[in-house]
Amino acid sequence: MPRRDPPINRVVLTLALVALVTWLSLPLGSIAPNRIVPGTAYTIAAAIGWPLALVSCLPLLGLLALAWRPGRLGYPLALGLTLLLLLALPAWLALMAVRHLDPELPQARLGIGAAWWLALFWLSLLLIELRSRLALAGWRLALLMLPVAVGWWVAAGWLEPLALWQELSGRRGAFLEAVVDHLLLVGGAVGSSLVVGAAIALAMRQNPRIERLGFALLNFLQTIPSLALFGLLLAPLAWLASRFEWLAGLGVSGIGWAPAFLALLGYSLLPMVRNTFVALSEVDPGVLEAARGMGMSRGQVFRQVRLPLALPVVLEGVRITTVQAIGLTAVAALIGAGGLGTFIFQGLGQAAMDLVLLGALPILAMALAADALLGALTRRLDHRTDLAAGAAP
Amino acid sequence: MSMALLTRWSAPLVWLGLLLALAVGGEWLEPLLRWSEPEARRVLYPQADLLTLLLRHVQVVAIASGLAVVIGVGAAILVTRPGGRDFLPLVAQFASMGQTFPPVAVLALAVPVLGFGTWPIIVALLLYGLLPIVRNTLAGLEGLDPAIEEAARGMGMGGGQRLWQVELPLAAPIILAGIRTSVTVNIATAALGATVGASNLGAPIIAGIVNGNTAYILQGAVLIGLLALAVDSLFSRLLPARQ
Amino acid sequence: MIELKSVTKRFGGETAVDAISLTVNRGELCALVGTSGCGKSTTLRMINRLIEHDGGEIHIDGRPIREFDGRILRRRIGYAIQSTGLFPHWSVARNIGLVPRLLKWPAARVGERVEELMALLGLPVEQFADKYPSQLSGGQAQRVGVARALAADPDILLMDEPFGALDPITREGLQGELRDLQSRLQKTIVFVTHDMDEALALADRLVVMNAGRIVQQGRPLELLRAPADDFVASLLGGDDRGLKEAAITRVAERMQPLSLRLLPQARVHRDATLRQALAVMFREHADRLAVIDDEALPVGELSLRRIVGAGREGGSDT
């Protein structure tokens, strides 16, 4: 039964209303005289004055009006307003810095407050809602986001007092190194788990005993907390490195990348094997029978029918594994594996929350980006459903 | 009857027994642990007794999972009612985004707001555990045979009657499976809380990593593993056999 | 009695049901037929307000249905659908007792009613009461569905292709049972089907719908003999129409008294249809049949000319 659209878009209305309330009531940011002393928080009105604060709300009021009466042009207009709000977000912080930072105090720094983070969050949800309302393809949205990205790039120049920025500028080299280490560990673990996982899945298809044993083992591995698995690999690897010099020569030791890599590989295997196995087993028997009935050889059936049909499901496994590995690699910093987790644990140790952010934010961004990219790729390769929103060119 | 009951519940009972035995009487294991760390001065984790840590661990997971169940199932029910259907795509997307957030990152981001201690890990677990519950509840409620919905309406059942007598009982196995996934994953993930000062079974693991003492790590890991197994086998008994 | 007065239903811009008027009298079985998407199911579902009508009026026993709360109305109208819609987590007995419980009957009365209905529909209580729908065959599940629809003894029964998913033998069996039930219970039934043979066999009144409108309605024989247009004719089987008519006419209506001529070997029961009689003739290469009764005694005879209708006015076929 088709449903007529209600005249009011309650989702946009709710989100805009909540965003308005949090934007006005929670602190936009805080000013601290130096790194250690906790800062004083300012709401938007206190930070940039009521007149400007009201100006900052205008697009939100526009959204409310559009949500009340979304006509034919309503949704594209709402999308435009949302992008405008996103584009303007850094500007309010910059304004706050100009107004409140004492140029006499070079140590003084600007912290980002709850209102700002929540605004980012509500605006992301608005984007999701508007995207599905407009049935916007992923790449179109990415294109629309480009001006926002450029705007933020430009605004970054005005935001030197930003605490996050100051933490970064002190350790630009270390940051880049950590990002590279993080990506290498994730890439290495996911890549090798794909190869090893595919081999295990193929072996499982040959022999049901291997299948039972393999799944029991991999399921067991998943119940061990990541923290413990990293720790438990320390001693055996240290022992191995002390016994075999060539291993030590490769850089294997109890602490560092080796145990991290092994533990990541272990965790990645379960989702990878499970998806590959399911992908290869659950091809429609009718399709396989038809393929054989047409006179295709076993090899042809595998390469031309099974594999292309299995690919999206395997990729789904790669997506799950990658997102999981990005998070787990952060934990691996505890055993000296490097990566962005280093900043998190350093920051927690020094109670320097901006350093924690420097580690946590890129990890979050990486996870979301990997999820979005691999998800889009999966949908593109998946010919079984045409429903995948935004996948169609 | 009592025999049958005993065999039915034997697996969870065995795991629970082992778990409590290890938590209370860790001293018996000293020789075994000694074997893993021949040189260390101590092999038994000293700071707080393991039973307290176990109880704190259970507490954290229970609070986070309890909240996740209330919020997840509640939200999924609301967005499948006629009045809330507009919010369905948003809630589904948000739940899947929640799973994408790495728990360490959420934990780290929660510390500035909530301070060190137990609350950051509860928030991280809540967010991480929400997706399986929301996803399965939505799948359970949306996947019902339309003919059953039609018949329920056609017989004159009201919205509440349909929800409580038809939709929830039929979706229950799928919802429970989601809660099971969520809880078992959270039991393992809760160990991370020890890095922000929550005292739970992650504490011996961190201490072991810092001091290079494998025996400490083993104690934490084994107890967490047993807890996960006990809870998981409890869930597998809860799921009805009839279908 | 159900009356529809220029009832209209639109979905978005599409008009699904276009100003139809229809009266179903008390105790009548009215079959709605037509191709898929012609609006017959929508019409049915507007009667119990599963779908609200946009225009016109629907009256039950003289009162507009908008006067009733939808739920209360539906509890007073039986409803059976193709896929049964039995609740898989409830036993057969609990499924049948649903509407009486919704009406807050005392438990004892619900139990009695359930047993009564199970007996009525040939489902032995001790064998079926505690079974779950997944343990039933298609035909048994459909009986439970009909029993559930009849549970609160409603005057009106709505059936949406109730036998559509069954194999031909089970379907014919259940059609026969429904005819028997109807002759005993005298419910007012609106029955949607796209199986023309089913409609012809069961209906007192046949309503042909196309593109949301009623094209023709009347007794089955009237439609077979004088279809209003080519659509009705082709829906009724085109050139096969004659055979359909033969299939709903009894041998007893056309047979002649025994004559002095030698009785033919080939025989047919007096309650068989003319179609079956034709089949016997074809098989036996005969143009005359002996008509027999339940004791296999000859009670008359039937010739090919009588079947095809020639000589009905005249007396003899020799």
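## Chain C overall

In chain C, 62% of the contacts with a separation of 6 or more are between residues 24 or more positions apart, a contact being heavy atoms within 4.5 Å. This is a predicted model, in which local features need pLDDT of at least 70 and side-chain atom pairs count only at pLDDT 80 or more, while totals for chains, interfaces and linings use all residues. Residues are numbered from 1 along each chain as its sequence is written, chains are lettered from A and ligands numbered from 1 in the order in which they are written, and side-chain values use heavy atoms, with hydrogens and water left out.

The secondary structure of chain C consists of 15 helices and 13 strands. Helices (H or I, at least four residues) and strands (E, at least two) are DSSP runs, numbered from the N terminus. The C-alpha trace of chain C spans about 65 × 50 × 30 Å along its principal axes. Chain C has 318 residues, and 51% of them are buried. Buried means under 20% relative accessible area, exposed means over 50%, and partly exposed is in between (1.4 Å probe, protein chains only).

## Loop residues in chain C

Two residues of chain C are described here for their backbone angle. Glu161(C) is not a glycine, yet has a positive phi of about 40°. Glu161(C) sits in the loop that runs between strand S7 (156-160) and helix H8 (168-185) of chain C. With a relative accessible area of 12%, Glu161(C) is buried. Ala211(C) is also not a glycine and has a positive phi of about 50°. The loop that holds Ala211(C) lies between strand S9 (205-210) and strand S10 (213-218) of chain C. Ala211(C) counts as exposed because its relative accessibility is 56%.

Asp69(C) belongs to the loop between strand S5 (63-64) and helix H2 (70-75) of chain C. Its relative accessibility is 39%, so Asp69(C) counts as partly exposed. The side chain of Asp69(C) reaches the backbone nitrogen of Arg71(C) at 3.0 Å. From Asp69(C) to Leu200(C) the C-alpha to C-alpha distance is 35 Å, and the two residues are 131 residues apart in sequence.

## Chain A overall

Chain A contains 16 helices and three strands. Its C-alpha trace spans about 75 × 65 × 30 Å along the principal axes. There are 393 residues in chain A, of which 47% count as buried. Residues 24 or more positions apart make up 75% of the chain A contacts with a separation of 6 or more.

Thr22(A) is part of helix H1 (residues 10-25) of chain A. Thr22(A) counts as buried because its relative accessibility is 11%. Leaving out residues up to four places away in sequence, Thr22(A) touches Ala115(A), Leu118(A) and Trp122(A). The side chains of Thr22(A) and Trp122(A) are joined by a polar contact of 3.3 Å. A polar contact is a pair of N or O atoms within 3.5 Å; within protein, one must be able to donate a hydrogen and the other to accept it, and residues adjacent in sequence count only if both atoms are side-chain atoms.

Ala216(A) is in helix H9 (residues 208-223) of chain A. At 47% relative accessibility, this residue, Ala216(A), is partly exposed. Ala216(A) and Leu358(A) are separated by 142 residues in sequence and by 39 Å in space, C-alpha to C-alpha.

## Helix packing in chain A

Helix H8 (residues 172-206) and helix H16 (residues 353-381) of chain A pack with their axes 12 Å apart, at an angle of about 40°. H8(A) is therefore oblique to H16(A). Axes are lines fitted to C-alpha atoms, for helices over the stretch in contact, and angles run from 0 to 180 degrees between N-to-C directions. Angles under 35 degrees count as roughly parallel, over 145 as roughly antiparallel, 65 to 115 as roughly perpendicular and the rest as oblique.

From H8(A), Phe175(A), Val179(A), His182(A) and Leu183(A) meet Leu358(A), Pro362(A), Ile363(A) and Met366(A) of H16(A). By class, this contact of H8(A) with H16(A) has seven nonpolar, one polar and no charged residues. Ala, Val, Leu, Ile, Met, Phe, Trp, Tyr, Cys and Pro count as nonpolar, Asp, Glu, Lys and Arg as charged, and the others, Gly among them, as polar.
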